[in-house]
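Dear colleague,

I am passing on to you the structure we spoke about, and below it I have set out what was found in it. Please look through the model first and then read the notes beside it.

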Amino acid sequence: MALEVKLSDTVHSDDVRHLHWLADKIGPDLIDAAVINTGPGAYRRKDGIAVIPASLLTA
């Protein structure tokens, strides 16, 4: 699993370029990739990368 953290409420294509680079290097051994951000809701981008608000990570 690869995680990227962004202090923004939106995630743009440029924000996930390192996750795409890592996926190319690791290949099928990479189980999943996600960006943790300050946005209002969780969703999965069309490229398969999950977007998870930090607020959902609290207990």
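The protein exposes about 4100 Å², of which carbon and sulfur atoms supply 58%; accessible areas here come from the Shrake-Rupley method with a 1.4 Å probe, and for residues only the protein chains shown count as cover. Please keep in mind that this is a predicted model, in which local features need pLDDT of at least 70 and side-chain atom pairs count only at pLDDT 80 or more, while totals for chains, interfaces and linings use all residues. Residues are numbered from 1 along each chain as its sequence is written, and side-chain values use heavy atoms, with hydrogens and water left out.

**Overall picture**

The secondary structure comes to one helix and four strands, where helices (H or I, at least four residues) and strands (E, at least two) are DSSP runs numbered from the N terminus. Along the sequence these elements follow the pattern β-α-β-β-β. The radius of gyration is 11 Å, close to the 10 Å that the globule rule gives for 59 residues, so the protein is as compact as a globular protein of that length; the radius is taken over C-alpha atoms, and the rule is 2.2 Å times the number of residues to the power 0.38. The C-alpha trace spans about 30 × 25 × 20 Å along its principal axes.

Of the 59 residues, 31% count as buried, a word that stands for under 20% relative accessible area, with exposed meaning over 50% and partly exposed in between (1.4 Å probe, protein chains only). Among the contacts with a separation of 6 or more, 48% are accounted for by residues 24 or more positions apart, contact meaning heavy atoms within 4.5 Å.

**The sheet and the helix**

The four strands form an open sheet in the order 1-2-4-3, with mixed pairing; two strands are said to pair if DSSP finds at least two bridges between them. Strand 1 and strand 3 stand at the edges, each with a single partner strand, so one side of each is left without a neighbour in the sheet. Strands of a sheet pair through backbone hydrogen bonds, either parallel or antiparallel.

Strand 1 and strand 2 run parallel and are joined by four bridges, with Leu3 standing opposite Ala34 and Val5 having Ile36 as its bridge partner. Strand 2 (residues 33-37) is also parallel to strand 4, again with four bridges, and there Val35 stands opposite Val51. Strand 3 and strand 4, by contrast, run antiparallel and are joined by two bridges, Tyr43 standing opposite Val51. In the hairpin that these two strands make, five residues lie between the strands, and Gly48 takes a positive phi near 95 degrees.

Strand 2 is mostly covered, since five of its five residues are buried: Ala33, Val35 and Asn37 lie on one side and Ala34 and Ile36 on the other. Helix 1 (residues 17-26) lies across strand 1 and strand 2, running at about 165 degrees to strand 1; axes are lines fitted to C-alpha atoms, for helices over the stretch in contact, and angles run from 0 to 180 degrees between N-to-C directions.

**Three residues to look at**

Leu3 lies in strand 1 (residues 2-5) and is exposed, with a relative accessible area of 52%. Leaving aside neighbours within four places in sequence, Leu3 is in contact with Leu19, Ala34 and Ile36; from Ile36 it is 33 residues away in sequence and 7.1 Å in space, C-alpha to C-alpha.

Ile49, in the loop between strand 3 and strand 4, is buried with a relative accessible area of 4%. Beyond its neighbours within four places in sequence, Ile49 is in contact with several residues, including Val16, Leu19, His20 and Val35. Ile49 and Val35 are 14 residues apart in sequence, and their C-alpha atoms are 7.3 Å apart.

Arg45 is found in that loop, between strand 3 (43-44) and strand 4 (50-53), and is buried, with a relative accessible area of 16%. Its side chain makes a polar contact with the side chain of Asp47 (2.9 Å), that is, a pair of N or O atoms within 3.5 Å, where within protein one must be able to donate a hydrogen and the other to accept it, and residues adjacent in sequence count only if both atoms are side-chain atoms. Not counting residues up to four places away in sequence, Arg45 touches Val11, His12, Ser13, Val16 and Val51.

With kind regards
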